[in-house]
Amino acid sequence: MTIEVVRTPILAGTRHGFLGRTGGVSTGIVQGLNVGIGSHDDPEAVAENRRRATEAVAPAALLATVYQTHSSDAVTVTASFPDDARPPADALVTDRPGLVLGIVTADCAPVLLADVEAGVVGAAHAGWKGALGGVTDAAILAMEKLGARRERITAAIGPCIARASYEVDDAFRLRFAEADPATERFFADGRRAGHFQFDLEAYVAHRLAVAGVKRVAALGLDTYVQADRFFSFRRATHAGEPDYGRQISLIALS
């Protein structure tokens, strides 16, 4: 199968793509384009998948990824990192044309950002912890240090778990309510008493808008329900599977 690359006009002027699970060499429960270094997959298969993903989006560019920890930390990247020397962070930015930035996800929201006029791009891994902690704000600030302006930045939110698939308990909801009572609108009544459906994608879009990003695209692709297209941590957990794959989202300057 060929690699599926989802692109959006809002990031025109960059080389970018949100990738799923099709087109890779991994087998078994992580079959497809598994790029997760932290999975139990064959490291050679993961390396080949990462090479294929890079080639599909930004041929000849050097891939830069980070050791993701669900933080709100952002790093500025000037060179690619060896797999065993990736800095701990959940967002990365660059103004170097020869680099392609990668964020790995399996239900969390991948966010790609660009100020084409300034020649600055960024990528953020926005799980609920990072999103609540301000990982997209950190990415924007790091981009501004390279000359970007937030009113010129465009952003796209890629495949992530949708509200209909994301049930959380009341303690989860209260974390957001304590930070900002206005976040109540991102929660709908759940199927069970004391539970709610959380709209991660809408919340991330809200954080970007509040930060001053004027153009945001939310692709509306649910990782949980599309097993043939995307990996999903929650789906794998519900199925009792011992491992899960990860997909990658990439952006580079043209």
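**Figure 1. Asp170 and Arg173 form a salt bridge, with the closest N and O atoms 2.7 Å apart.** A salt bridge here is a side-chain nitrogen of Lys or Arg within 4 Å of a carboxyl oxygen of Asp or Glu. The model is predicted: local features need pLDDT of at least 70, side-chain atom pairs count only at pLDDT 80 or more, and totals for chains, interfaces and linings use all residues. Residues are numbered from 1 along each chain as its sequence is written, and side-chain values use heavy atoms, with hydrogens and water left out. Both partners belong to helix H4 (residues 170-179), three residues apart, about one turn of the helix. Helices (H or I, at least four residues) and strands (E, at least two) are DSSP runs, numbered from the N terminus. An α-helix has 3.6 residues a turn, so residues three or four places apart point the same way. Burial is judged by relative accessible area: buried is under 20%, exposed is over 50%, and partly exposed is in between (1.4 Å probe, protein chains only). Asp170 has 28%, so Asp170 is partly exposed. Arg173 has 14% relative accessibility and therefore counts as buried.

Salt bridges that share partners also build a network of Glu48, Arg51 and Arg52.

**Figure 2. Glu48 and Arg52 pair in helix H1 (residues 43-57).** Their side chains meet in a salt bridge of 2.9 Å, N to O. The two residues sit four apart, about one turn of the helix. Glu48 is partly exposed because its relative accessibility is 23%. Arg52 is partly exposed too, with a relative accessible area of 29%.

**Figure 3. A salt bridge joins Glu4 to Arg229.** The N to O distance is 2.5 Å. This pair links distant parts of the chain, 225 residues apart. Glu4 lies in the segment before strand E1 (5-6). Arg229 lies in the loop between strand E13 (215-218) and helix H6 (233-238). Glu4 counts as partly exposed, at 25% relative accessibility. The structure holds 13 salt bridges in total.

**Figure 4. Helix H3 (residues 135-145) has buried residues that pack against several elements.** The buried residues are Val135, Thr136, Ala138, Ala139, Ile140, Ala142 and Met143. Their strand partners are E4 (74-76), E5 (91-94), E7 (109-115) and E8 (120-126). Their helix partners are H2 (128-133) and H5. Just after H3 comes Gly147, with a positive phi of about 110 degrees.

Figure 5. Ala202 and Gly220 are 18 residues apart in sequence, and their C-alpha atoms are 9.5 Å apart in space. Gly212 follows H5, and its phi is positive, near 105 degrees.

**Figure 6. His70 and Asp107 take positive phi values although neither is a glycine.** His70 has a phi of about 60 degrees. His70 is found in the loop between strand E3 (62-64) and E4. At 40% relative accessibility, His70 counts as partly exposed. Asp107 has a phi of about 135 degrees. Asp107 lies in the loop between strand E6 (99-105) and E7. Asp107 is buried, since its relative accessibility is 7%.

Figure 7. A compact globule of 254 residues would have a radius of gyration near 18 Å, and the chain agrees at 17 Å. This radius is taken over C-alpha atoms, and the globule rule is 2.2 Å times the number of residues to the power 0.38. The C-alpha atoms fill a box of roughly 50 × 45 × 30 Å along the principal axes. Buried residues make up 53% of the chain. Among contacts (heavy atoms within 4.5 Å) between residues at least 6 apart in sequence, 65% join residues at least 24 apart. The accessible surface comes to about 10,700 Å², and carbon and sulfur atoms hold 52% of it. Accessible areas come from the Shrake-Rupley method with a 1.4 Å probe; for residues, only the protein chains shown count as cover.
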